[in-house]
Amino acid sequence: MFSSTWNFLKRHKRKFIFAGAFVGGVYFLGKYAQKKIQEIQEREASEYIAQARRQFHFESNQRTCNMTVLSMLPTLREAILHHLNSESLTALLKSKPANKLEIWEDLKIISFTRSVVAVYSTCMLVVLLRVQLNIIGGYLYLDNSVSKSGMMPLAPPDVQQQYLSSIQHLLGDGLSEMITVVKKAVQNTLGGVSLKQSLSLQELEQHLNQIRVQVEEGDRGSTHRPLSWYMMPDEENTLAAQACGLTENDVTTIKLLNETRDMLESPDFGTVLNICLNRGFNRFLDNMAEFFRPPPRAQGDSTLSTTPDSLSHVSLPVAKIIPIVNGQIHSICSEIPSHFVQDLLMIDQVKEFAANVYETFSTSHGLQK
């Protein structure tokens, strides 16, 4: 029996060798494939967790952006009111002065100037903080990711504080310069409009558009600055202007400021800011439209027509429009979430732009570009 079995094995030796090699190969190949599949799964799981962590950090950062905007609006409002104090003129009018007409003319220019400045500066505050906090947020994400490796942080606390303090330019010198430019545009557009002249909502919109053109595109014979200038100081006015003694943190802050300046001067940023400005001025006109409602259609009929056609037939004297315009700053620069601010914070293009900024600065590849 054993002899016949041995003879059988000898006759089919090659087949058994090939079969054994095949089975062994399949086994090891299966083991190898299983290991590779496990590595792929672990890598995908790690990437998914990293992406989820980055998404959570980004969303948290956007909430911080919103809260920061709201917290800074009172400071912005007080700065505008300080520069454009119409209340003192209103108090003078109550005393029935001899130069009453002159004071009314000044009040007209100041009232329109401060509302227009409020729209511009609020829109700028929204988009500038979106850029700054997402740049610093990207750095912080990378710092958190490599903190265990013992590497020096990309954005230590001192750098963060120094960098974010640059927002004071918009609340200081930038705001003062903007007020000068807007006031000149308002004077050019509305200086010759009589206090007794009636304006419809459509005519008011046309005047606002003329003011915007002069502010954003400049007028003949004047030096025109891009809107980004009001948000960040010129490069030579930054820490780089110091003769010597720059610390490592100063150098990092300068790098952040330069990256921010490049972002503000990009076409994408210009597009997003323009969308915000369009939305802001439209919301301002919507607020004004509440005062251009036509009277009731018939006696006892309290229903008011609010169609665009009906509003176009309603006109108000400039003297009555002035106090309405004058009070709009309290709606525009309101720390209590108003329709004006909510509209700006919810613009899709602003969210997409913020996501692109964060994506760029939360990847080491993006920082090396």
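Helices (H or I, at least four residues) and strands (E, at least two) are DSSP runs, numbered from the N terminus. The views show a predicted model, in which local features need pLDDT of at least 70, side-chain atom pairs count only at pLDDT 80 or more, and totals for chains, interfaces and linings use all residues. Residues are numbered from 1 along each chain as its sequence is written, and side-chain values use heavy atoms, with hydrogens and water left out.

View 1. Helix H9 covers residues 248–264. Its 17 residues reach 25 Å from first C-alpha to last, close to the expected 24 Å (1.5 Å times one less than the number of residues). Glu259 counts as buried at 17% relative accessibility, while Lys255 is partly exposed at 39% (buried is under 20% relative accessible area, exposed over 50%, partly exposed in between; 1.4 Å probe, protein chains only). Other views of H9 would include the buried residues Ile254, Leu257 and Met263.

View 2. Arg212 pairs with Glu216, their closest N and O atoms lying 2.7 Å apart. Arg212 is buried, at 10% relative accessibility.

**View 3. The Glu177–Arg225 salt bridge.** The side chains meet at 3.8 Å, N to O. This pair links distant parts of the chain, 48 residues apart. Glu177 belongs to helix H7 (residues 173–190). Arg225 lies in the loop between helix H8 (201–217) and H9. Both ends are partly exposed: Glu177 at 28%, Arg225 at 30%.

**View 4. A salt-bridge network of Arg77, Glu78 and Glu335.** These three residues are linked by salt bridges. The count for the model comes to eight salt bridges.

**View 5. Arg283 of helix H10.** H10 spans residues 267–289. The Arg283 side chain makes a polar contact with that of Asp343, at 3.0 Å (a pair of N or O atoms within 3.5 Å; within protein, one must be able to donate a hydrogen and the other to accept it, and residues adjacent in sequence count only if both atoms are side-chain atoms). Leaving aside neighbours within four places in sequence, Arg283 is in contact with His339, Phe340 and Asp343 (heavy atoms within 4.5 Å).

Methods. Salt bridge = Lys/Arg side-chain N within 4 Å of Asp/Glu carboxyl O.
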